Amino acid sequence: MNYQIELRHFIYFLAVAEELHYRKAAEKLFISQPGLSTQIKQMEELLGTQLFVRDKKKVRLTPAGEYLKKEVEFILNHLEQTKKQAKLIGDGQLGEVRIGFLGSAMQNVVPNLLLGLKEKYPTVHTTLEELSNRAQINAILADRLDLGFVRLSRVPRGLDVKPVFKDTFSLVLPEDHPLDEENFKNINQVADEDFILFSQDYSPMYYDTVLSICEDSGFVPNVSHKSVHAQTIFKLVENKLGIAIVPTTLQHGFQMKVKFIEMKRIKQRAVLSMVWKTDNRNPALQKCMDLLQKL
């Protein structure tokens, strides 16, 4: 009997690739462990290559298995989204755009985009997810997101990136700090203070840019705390555990005992960019990008 690879093979393979444990994968799939092993063996025979290395202690992916895992993640995500899009378009809608964003993008760019879509393309549906730069890139590559808002200047091959908003940086100080807009001259006035920054993993470009702001003034900041949330950073500043440098637009929407001093004279800017997959065929995505060009 001639067999061919079917969708179930991909689903079974991905479960084992994620769990790296046949019993756990079988329980997740609600099938027997011997049945799952048979399906994986059949898939390997059909492909003519080994996907897993099994011994008594562990299961691991072969190089071919590693490659296939990424491709199958994309295939299954794309298939699920295609089904959803077909239903929306069949109902007379333009489709759905899945958007990832850094928290700072919610201050102006994302709300403006959503308002623009509501006004000009009301049949475009959107979903939103706040994610780090790296998580957004991985999600776009795996077809879990259509569009991301990141602070990156370089992206992997197959993706495109374009700046959509440039912001100044502001110094964040406790409300009763002696420095204010009147007597602030240069950031080296706070060179001896502890700094609270966004985590390097969350936004490497932001982290490096802040370091360069300090280095241009002749010092390396002592970083006492890191966070991925602006509210946490502002709370730490409020409690006098350090000071911070953030994109200026982040000052809106928070009610805390901190003050902001905009640093207009420095050359550095907080650049927010949109990122998308070059071969994304989602018709609703282009509507978003057209609007972003006009914001």
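**Note on the aromatic pairs, core and loops of a predicted model**

1. Phe13, Tyr22 and Phe52 come together as one aromatic cluster, where rings of Phe, Tyr and Trp (its six-membered ring) are taken to pair if their centres lie within 6.5 Å, with planes under 30 degrees apart called stacked, over 60 edge-to-face and the rest tilted. Over the ring of Tyr22 sits the charged end of Arg54, 3.9 Å from the ring centre; the criterion here is that NZ of Lys or CZ of Arg is within 6 Å of the ring centre and within 35 degrees of the ring normal.

2. On the basis of the values, this is a predicted model, in which local features need pLDDT of at least 70 and side-chain atom pairs count only at pLDDT 80 or more, while totals for chains, interfaces and linings use all residues. Residues are numbered from 1 along each chain as its sequence is written, and side-chain values use heavy atoms, with hydrogens and water left out.

3. The structure holds six aromatic pairs. In one of them, Phe195 and Phe219, the ring centres are 6.1 Å apart and the planes stand at 40°, so the pair is tilted. Phe195 belongs to strand β8 (residues 194-198) and Phe219 to the loop between α7 (204-216) and β9 (222-227), so that this pair links distant parts of the chain, 24 residues apart; helices (H or I, at least four residues) and strands (E, at least two) are DSSP runs, numbered from the N terminus. Both Phe195 and Phe219 are buried, which means under 20% relative accessible area, with exposed standing for over 50% and partly exposed for what lies in between (1.4 Å probe, protein chains only).

4. A further pair is formed by Phe234 and Phe260, whose ring centres are 5.4 Å apart with planes at 90°, so the geometry is edge-to-face. This pair too links distant parts of the chain, with Phe234 in helix α8 (residues 230-238) and Phe260 in strand β11 (residues 258-263), 26 residues apart. Phe234 counts as buried at 0% relative accessibility, and Phe260 counts as buried at 17%.

5. The largest nonpolar core has 37 residues, and those with the most contacts inside it are Leu171, Ile187, Phe195, Phe234, Ile245 and Val246; such a core is a set of buried Ala, Val, Leu, Ile, Met, Phe, Trp, Tyr and Cys residues joined through side-chain atoms within 4.5 Å. At least two residues of this core come from each of β7, β8, α7, α8, β10 and β11, and α7 gives the most, with six residues. Leaving out residues up to four places away in sequence, Ile245 touches, among others, Leu171, Ile187, Phe195, Tyr206, Val210 and Met263, contact being heavy atoms within 4.5 Å.

6. Helix α7 has 13 residues and reaches 18 Å from its first C-alpha to its last, close to the 18 Å expected at 1.5 Å a residue, where the expected span is 1.5 Å times one less than the number of residues. Its buried residues are Tyr206, Tyr207, Thr209, Val210, Leu211, Ile213 and Cys214, and what covers them includes β7 (169-174), β8, β9 and β10 (243-247). The helix is followed by Gly218, whose phi is positive, near 90°.

7. In helix α1, the buried residues include His9, Phe10, Tyr12, Phe13 and Leu14, and the buried residues of this helix pack against α2, α3, β1 (52-54), β2 (59-61) and α4 (63-90). After α1 comes Leu20, with a positive phi near 50°, in the loop between α1 (7-19) and α2 (22-29); at 34% relative accessibility, Leu20 counts as partly exposed.

8. Phe30 also deserves a look, as it has a positive phi of about 60° although it is not a glycine. Phe30 lies in the loop between α2 and α3 (33-47) and is exposed, with a relative accessible area of 77%.

9. Ser132, in the loop between β4 (124-130) and α6 (133-141), is buried, with a relative accessible area of 19%. A polar atom of the Ser132 side chain lies 3.2 Å from the backbone nitrogen of Ala135. Setting aside neighbours within four places in sequence, Ser132 is in contact with Leu102 and Tyr202.

Definitions and conventions: A polar contact is a pair of N or O atoms within 3.5 Å; within protein, one must be able to donate a hydrogen and the other to accept it, and residues adjacent in sequence count only if both atoms are side-chain atoms.
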